[in-house]
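Trainee: I would like to go through this fold label by label. Please set each value against its definition.

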Amino acid sequence: MDGIQERTAEQDLPYNVFAKACPSRGTLEHVTGRWGGLTLGALYEGPLRFNELRRRVDGVSEKMLSQTLHALERDGLVHREAQPTNPPRVDYELTPLGREVAERLLSLIRFVEGRMDDVLAAREHYDTARGAL
């Protein structure tokens, strides 16, 4: 598909993330935000309980993980299953749509991880050129 065909296909979409009022913008923020992307990536490996997920996504607070899971569940990317046990057990897993999104995110994550030597070299060059520490 050439550039003209791609732009025409984009114009035919009913949503446009670049438009301020488009609802897709909120979902993009949920998916690409720090905790959303890491949560989706962690759940790609399989269902996890809340504390397992919190340990897997190192550095996320309980509050932020809870907010992230609520947003991803609302967007249809994560399924929450509460089991009536004592104590209650709650598992989180990706929906089919969530798996599709996570696959794309993981591809980007792997690409970035694979190019970190280049990124670190660029940072060093930038800092040196500007006299930063």
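Mentor: Start with the sheet. An open sheet of three strands has the order S1-S3-S2, with antiparallel pairing. This is a predicted model, where local features need pLDDT of at least 70, side-chain atom pairs count only at pLDDT 80 or more, and totals for chains, interfaces and linings use all residues. Residues are numbered from 1 along each chain as its sequence is written, and side-chain values use heavy atoms, with hydrogens and water left out.

Trainee: Why are S1 and S2 called edge strands?

Mentor: Each of S1 and S2 pairs on one side only. Strands here are DSSP runs of E with at least two residues, helices are runs of H or I with at least four, and both are numbered from the N terminus.

Trainee: What makes S1 and S3 a pair?

Mentor: Two strands pair if DSSP finds at least two bridges between them. Strand S1 (residues 48–49) has two bridges to S3, and the two run antiparallel. Arg 49 stands opposite Asp 91 in S3.

Trainee: And what makes S2 and S3 a pair?

Mentor: Six bridges join strand S2 (residues 78–83) to S3, in the antiparallel sense. Arg 80 of that pairing stands opposite Tyr 92 in S3. S2 and S3 form a hairpin, with five residues between them. Pro 87 is found in that loop between S2 and S3.

Trainee: What kind of peptide bond joins Asn 86 and Pro 87?

Mentor: A cis one, with omega about 0 degrees.

Trainee: Which residues make the contact of H2 with H3?

Mentor: His 30, Val 31 and Thr 32 come from H2, and Arg 34, Gly 36, Gly 37 and Leu 40 from H3. Contact means heavy atoms within 4.5 Å. By class, that contact has two nonpolar, four polar and one charged residues. Ala, Val, Leu, Ile, Met, Phe, Trp, Tyr, Cys and Pro count as nonpolar, Asp, Glu, Lys and Arg as charged, and the others, Gly among them, as polar.

Trainee: Why is H3 roughly perpendicular to H5?

Mentor: H3 and H5 pack at about 75 degrees, with axes 10 Å apart. That angle makes H3 roughly perpendicular to H5. Trp 35, Gly 36, Thr 39, Leu 40 and Leu 43 of H3 meet Met 64, Leu 65, Thr 68, Leu 69 and Leu 72 of H5. The contact of H3 with H5 has seven nonpolar, three polar and no charged residues.

Trainee: How do you know that H3 and H6 are roughly perpendicular?

Mentor: Their angle is about 105 degrees, and their axes are 9 Å apart. H3 and H6 are therefore roughly perpendicular to each other. Gly 37, Leu 40 and Gly 41 of H3 touch Val 101, Ala 102, Leu 105 and Leu 106 of H6. H3 also lies across S1, S2 and S3, at about 95 degrees to S3.

Trainee: What makes a group of residues a nonpolar core?

Mentor: The members are buried Ala, Val, Leu, Ile, Met, Phe, Trp, Tyr and Cys residues, joined through side-chain atoms within 4.5 Å. The largest core has 21 residues; Leu 40, Leu 43, Leu 53, Leu 69, Val 78 and Tyr 92 touch the most other members. The largest share of this core, four residues, comes from H3.

Trainee: Why does Gly 46 count as buried?

Mentor: Gly 46 has 15% relative accessibility, so Gly 46 counts as buried. Buried means under 20% relative accessible area, exposed over 50%, and partly exposed in between (1.4 Å probe, protein chains only). Gly 46 is found in the loop between H3 and S1.

Notes
Axes are lines fitted to C-alpha atoms, for helices over the stretch in contact, and angles run from 0 to 180 degrees between N-to-C directions. Angles under 35 degrees count as roughly parallel, over 145 as roughly antiparallel, 65 to 115 as roughly perpendicular and the rest as oblique.
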